[in-house]
Amino acid sequence: MTALEALPDPGQVEPTGTSGAGPWRAAWRRLRRDPAGIAGAVIVALFVLVAVLAPVLAPYRPATAEWFGQVTPTSVPGPSAEHPLGLDSFGSDLLTQLLYGARSSLVIGVVSTAVGLAVGAALGLLAGGIGGWVDTAIMRVVDVLLSIPALLLAVSVAAVLGRSSTSVMLAIAAAQVPVFARLLRASLLSQRGQDYVLALRSLGLRQRRIVLGHMLPNSTGPVLVQATLVLATAVIEVAALSFLGLGDPEPRVAEWGRMLVRAQDRLEQAPQLALLPGACIAVTALGFTLLGESLRQALDPRSTR
Amino acid sequence: MSLLEVEDLRVRFTRRGAADVTAVDGVSFSVDAGEVVGLVGESGCGKSVTSLAVMGLLPRTARVTGSVRFDGTDLLTLPPRALAARRGRDLAMVFQDPMTSLNPVLTLGRQLTEVLRAHTDLGRAAARREAVDLLARVGIPDPRRRVGEYPHQLSGGMRQRVLIAIALACSPRLIIADEPTTALDVTIQAQVLDLLTTLVRESGTAMVLITHDLGVVAGTCDRVNVLYGGRVVETAGRRELFAHPRHRYTTGLLAAVPRVDAPEGTGLRPVPGSVRDLLPWARGCAFSPRCAHADDACRSGDIALTAGPADGGPTGTGERAPHAARCVHPASGTPARAGGGAA
């Protein structure tokens, strides 16, 4: 979604731009011809749609435990006319839970990636744009962050901040910051020696103007790709954190990760309780990955397809 | 006083763990207002480094000494900010490779208006109109449409025209063109060169034209400085240089130009050796290892740039010698094969 919204082209910035012009348009055309990219885009679009329209699509309200009486210690009711996917172990409608689960994954995934991107890109911009000791100082901190495994970092942050959806977002964002910082810095550094930057300097443009007005726009491609790929990881990490009990403490919020936890002791009687949310997580992550990879190829000027 | 006076310019690159490299070893030349001056020489003779030094665009590892006076102010001692304010407005540069010298993700309009808005107080709309005008001036057809296009939609020749438009945008008083036609097709080279010289002459802009192509020099320059080993080895008016080259390197270069009217079966006559066979100028003529006329006199210390007896022109201080060469055994009279292209 972030990816899709960003795609419609910079032609809007330049009203006189002819149709079919511009690197973004070319990338969009290439993306449309890639089956994997289309599959990814469809999955992502479905995921967003479900998340946004959950209240409309879901047959019931989430986490009502209305049918708790039908759940026995030895069995959970399976699919029926009223409940297409059956009930969960707490007596709520499973389909409703899954649909609402998309909501929290989307919100937490997008917010955390946005925060990670903003902070990481800002650090990368300072490091790559200014250079010198600023670069050294920032990148050493980033190296330290990067040396801690992402999930471990997220777990520590979540543990320190306490259990809340905000801390989950910050935890995941913290794990993404070094990725974006390094990516943007590398992209800026690789452009520094390019002819067009020298040409801009020969025109007397200020360093700040060159970095913000020229080098940064040249880096949006790789950053956009990375953001899409990172969203896949974020969806998994949201589930992982709530699986570990570090998620939103509010039990009535439907969450795929928590559904997995609750399914654990009923794996034999009702495997669908684990399989369905698991499949949702996997498919969503796959969608973002497919879209990201396809986007990477579409934006790569060397790929000629 | 000339518009640009480069005196004893030296550029040394310091490298960690290796000996320093002297790329420019005491270059002096001057450019009058409205004059087109050529810097000629083969790869590695210091042409590009000289131009970057004048513009103050060398990396920090470069040690630059000497003086570069532009309109009386020494650019080398100017604080970076003040120098940046003059770049693009007073002096501008046209680079060699039009394919990589434009930002691929911005429209031509953006790249043109940016310079205008940085150095003038034109508003957005006015800058845009000016950009269209500039594109029209450099002969881009349908400029109103082109202004919204991206670099990859233009051919190499068109892109070089755009770069010329950008360099000329703020009507600078001096343009440094570093091999402006080298990366272009031969058929386009003449067009672009024509355009550049026409525009420069029209607007009274002075130009330093850096090239290795003597044909380019013959067609455009008022004065020519031949560089070798980071120094000017010969300086003369264009006609004079082609008619009576004096330095042995210059005669070698002229003899090496292939000619259509040469008798059939005549081979190419390259200058033997390579630029790497350098003698430090302090010990004698840097060209002597490659020179057929060199003897011990050429290798006994620094050689001064001296005006030839043939001209008898004024060589007083401040006045430029009309024709001077840094050679112990200068060629006299006409070269082996006179450069007829000079006319």
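A residue counts as buried here if 20 or more other C-beta atoms lie within 10 Å of its own, as exposed if 12 or fewer do, and as partly exposed in between, with C-beta atoms placed from the backbone. Helices (H or I, at least four residues) and strands (E, at least two) are DSSP runs, numbered from the N terminus.

Before you start selecting, note that this is a predicted model, in which local features need pLDDT of at least 70 and side-chain atom pairs count only at pLDDT 80 or more, while totals for chains, interfaces and linings use all residues. Residues are numbered from 1 along each chain as its sequence is written, and chains are lettered from A and ligands numbered from 1 in the order in which they are written.

**Stop 1: helix 11 of chain A**

Select residues 256-263 of chain A, which form helix 11. How many of its eight residues are buried? Six are, so the helix is mostly covered. Colour W256(A), G257(A), R258(A), M259(A), L260(A) and A263(A) to see them. These buried residues pack against helix 4 (94-130), helix 10 and helix 12 of chain A; contact here is a pair of C-beta atoms, placed from the backbone, within 7 Å.

**Stop 2: helices 10 and 12 of chain A**

Show side chains for the contact: helix 10 of chain A brings residues including L224(A), L231(A) and I236(A), and helix 12 of chain A brings residues including F288(A), L295(A) and R296(A). The residues of this contact divide into 14 nonpolar, five polar and one charged. Ala, Val, Leu, Ile, Met, Phe, Trp, Tyr, Cys and Pro count as nonpolar, Asp, Glu, Lys and Arg as charged, and the others, Gly among them, as polar.

**Stop 3: where chain A meets chain B**

Show both chains: 21 residues of chain A are in contact with 32 residues of chain B. Which helix gives the most to the chain A side? Select residues 195-202 of chain A: this is helix 8, with six residues there. The chain A side has eight nonpolar, nine polar and four charged residues.

**Stop 4: chain B as a whole**

The C-alpha trace of chain B spans about 65 × 50 × 45 Å along its principal axes. Of its 343 residues, 48% count as buried.

**Stop 5**

Select residues 156-168 of chain B, which make up helix 6. Twelve of its 13 residues are buried, among them M158(B), R161(B) and I164(B). Its cover includes strand 6 (91-94), helix 3 (108-119), helix 4 (124-137), strand 7 (174-178) and helix 7 (186-203) of chain B.

Next pick S171(B), in the loop between helix 6 and strand 7 of chain B. S171(B) has a positive phi of about 45 degrees although it is not a glycine. Is S171(B) buried or partly exposed? With 13 other C-beta atoms within 10 Å, S171(B) is partly exposed.

Finish at E179(B), in the loop between strand 7 and helix 7 of chain B. E179(B), also not a glycine, has a positive phi of about 50 degrees, and E179(B) is buried, with 21 other C-beta atoms within 10 Å.

Terms used. Contact = placed C-beta atoms within 7 Å. Expected span 1.5 Å × (residues − 1).
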